[in-house]
Amino acid sequence: MTHEVIRHLLDDYVTGELTEDARGPVADHIAACEICSAEVESLKGILARAADLPRSIEPPAEAWLNIRSVIERDKEAVAADHGTSENFWRRPYALAAAVVLAAVLSSGGTALYLNSRGTDSSPVIATNTGNGSTPATFVAFTIEENNYLRNVAVLQDLLDQQEALLAPETVAQLKASLRTIDEAILEARSALARDPANKMLIEMLSGTYRQKMDLMRRTAEMTRGS
Amino acid sequence: MEADARAARDCARGWATLSRACIIGAATIAFASSPVIAQKKVERKIPLGMEGALRIVNMVGSIVVHGWGKDTVMVRGTLGAGDNFYMGGGYTGAKMFVEAVNDRDPKPARLEVWVPARVRLWVKTATANIDVSGVEGGLDLYVVSGTIDVTGNPHELNAEAIDGDIHIAGSPPWVRAKSATGTIVFKGASSDAAFSTVSGAVKVDGGVFERTKIETVTGNINFSGRLDRSGTFDFDTHSGIIDIAIPDKTAASFSVVTIAGGITNNVSNNSPIPGRFGRGAELTMDTSGGGAKVSVRTFKGPVTLRRTN
Amino acid sequence: MGPTGVLFPAEMKTSAVVSDTIGPIPSTIGEEKAAALEFIRRAQSGDVDAFEQLYREHAGRIYALCLRLKAGDSSDATELMQDVFVRAWRRLSTFRGDCAFYSWLHRLAVNTMLENARSDNRRTARVLSMDDTSRLAGAARSSGIDLKMDLEDAIASLPKGARLAFVLHDIEGYQHQEIAEQLSVSVGTIKAQLHRARRLLRERLER
């Protein structure tokens, strides 16, 4: 084999993909050829450095929120198509209670209000669903609640970190918007406590909560790494 | 996410510094009142395919974009003294951005850009205003507190603001507009439109709509347009005032529910009935035999249905 | 094992499990823990929380892959990754347990990227020029980071075909044949692209 031919085999030689027959002659040539020898070392260096690259890189925190929101919409669409009241009751109702607790955490005013009124923030669904407090329903609520609390907390952390990047007027507007949303959530929640079987109220509450998450997410995205 | 992860859009790399630059809203006001500052002129031109992609970032000042029939991107403008302008890319994709010499006191940059009409355009600012006309490709426009003005018929339009207004005059088949406190004004028609605000008003005045979703928390909603009989229309608000005006002989099926508000029906003789437990109101009716599905839901916002003049 | 020490997905393919969902744990999935399989089973039943656990476990690796496939553009990479996981959720019932879950996700990521690129009518095509000194956002950092960041930049600046071949073969550990099948090109093309990638990387890093 000529030098030119062997140069084209160096990649396979380094990665161990040469046939047994070819390996010997190529190795012999490399031992005697400075150019090929240098190229082999260089190739090995690149591959070693590639092997050293991180295999895992932390994705943006809001990625899961976006994925989850699509998945939730998928599930809603499926539930709507199937028209099963049981499916309908479990998830949206759990969603409602989770929204309430999220509102409590995100708004000091809201928390103060609830505390002063002595209103229980525990899920209404645990007692007043009318379809019985089944373990499955309660579990669904707990999962939803924890997820939304976590998601809102993550977003709040992001926004807190980024507050310095925003103009004071914009921060004020944003906080005012979040207060507006929290007040709406609180009002709807109070109504839900009086009328826990109100399907539309649950949907509206869910929608308002989604708007809050969307606003927080959009703000975090706009101020992060433009 | 529009079925994909279009969400999560942020720029990487060397623009990390830009995220800290120029996002000082007061600079816009300061610019108007400050003495004349030394400025640097910019004039550049690069080839870009007719359906290429272009990204523009300019945090403070203004960005005016015109679509034209050439496979070239041309930019003219002025920067603050010491600021830098970067533009580069290939025939399928290019980008331009302004880098402030002083992150803490960014000077406004005014850019006027000519782009191939069918470009896929992505623009991000903090307080700079965005004005786009004559672009037929796709538009993704993001401001924090600047305004967004779009004229023309982009194939797709996504406009997002935190506290800026959004004005659209045209007929993008697909449009999404969001602002928290800004007003959204749409004059045109669309097959798939969604508008969302918290306290900002939404005003839609236009042609034929097929699929429309408008939601606010406290912002008022004014809708006047023609409903495609196979369309779906959703209006949701917590406490905003909803006013829906439709032409005579509109074939639609209405479902209007308000938990604690009121419903005024000037479209037909159907009367709303009291809601659950005597609070609020509900109205279900068909006009001209039914057709488009219209759903209106409010917590306590009043709803008025009327004929257009 | 490839140069990276990662088991090639091909090595995991033995006999397919016939059932629609995961049945008894096949012997080919020795490295999947029972808990992970439980999450998969629950996620297949519609448990979003269980799916989130799968996301938490694999998101970092999938994101790293997406970031390199997308030339270091974190916006595009995040978008792609989100697409991948949404598709994974929607197609979870097709995961039969005849390979590692990560391998299944990995293949889905590459296919998603290719499909999106082919039908891209809403994405901003980004072409990095040779002068674009792009940086990967969120890349792991260590004391030897300068060298690693240089390599990431260099990979990001490669022409698309060369970059795909290098990422899939030299970083992710796929075989030539697998890459050729996924990208619908010949093995010869993959080898040529790999050769080109390595040559360009050497030139750029040794300047």
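B:Ser288 sits in the loop that links β23 (281-287) to β24 (292-298) of chain B; helices (H or I, at least four residues) and strands (E, at least two) are DSSP runs, numbered from the N terminus. This is a predicted model, in which local features need pLDDT of at least 70 and side-chain atom pairs count only at pLDDT 80 or more, while totals for chains, interfaces and linings use all residues. Residues are numbered from 1 along each chain as its sequence is written, and chains are lettered from A and ligands numbered from 1 in the order in which they are written.

B:Ser288 is not a glycine, yet its phi is positive, at about 50 degrees. Most residues other than glycine have a negative phi. B:Ser288 counts as partly exposed because it has 13 C-beta neighbours inside 10 Å. The cut-offs here are 20 or more other C-beta atoms within 10 Å of a residue's own for buried, 12 or fewer for exposed, and anything in between for partly exposed, with C-beta atoms placed from the backbone. Chain C has a serine of this kind too: C:Ser184, not a glycine either, shows a positive phi of about 55 degrees. C:Ser184 lies in the loop between α8 (176-183) and α9 (187-205) of chain C, and with 8 C-beta neighbours inside 10 Å it counts as exposed.

As for confidence, chain B averages a pLDDT of 86, and 87% of its residues score at least 70; pLDDT is the predictor's confidence in each residue, from 0 to 100. Over residues 1-36 of chain B, though, the pLDDT is below 50, and this stretch has 104 contacts in the model beyond near neighbours in sequence. Two residues are in contact if their C-beta atoms, placed from the backbone, lie within 7 Å.

Also in chain B, strand β8 (residues 120-124) has 5 of its 5 residues buried, so it is largely enclosed by the rest of the structure. In a regular strand the side chains alternate between the two faces of the sheet. Here B:Arg120, B:Trp122 and B:Lys124 are buried on one side of β8(B), and B:Leu121 and B:Val123 on the other. β8(B) pairs in the parallel sense with strand β2 (residues 53-57) of chain B over 5 bridges, where pairing takes at least two bridges found by DSSP. In that pairing, B:Val123 has B:Ile56 opposite. Strand β10 (residues 138-142) of chain B is likewise a parallel partner of β8(B), over 5 bridges, and B:Gly138 stands opposite B:Arg120.

Chain A, by contrast, has 11 helices and 0 strands. Of its 226 residues, 44% count as buried. In helix α3 (residues 20-32) of chain A, the buried residues are A:Val26, A:His29 and A:Ile30. They cover an arc of only 100 degrees around the axis, so they lie on the same side of α3(A); the arc is that of the directions from the helix axis to the C-beta atoms. Their cover includes α1 (3-7), α2 (10-14) and α4 (34-52) of chain A. Exposed residues on the other side of α3(A) include A:Glu20, A:Asp21 and A:Asp28.

Finally, the largest nonpolar core has 175 residues, and C:Cys66 and C:Met81 have the most contacts inside it. Such a core is a set of buried Ala, Val, Leu, Ile, Met, Phe, Trp, Tyr and Cys residues joined through C-beta atoms within 7 Å. Helix α3 (residues 48-69) of chain C gives the most to this core, with 12 residues. Leaving aside residues up to four places away in sequence, C:Cys66 touches C:Ala77, C:Leu80, C:Met81 and C:Ala109.
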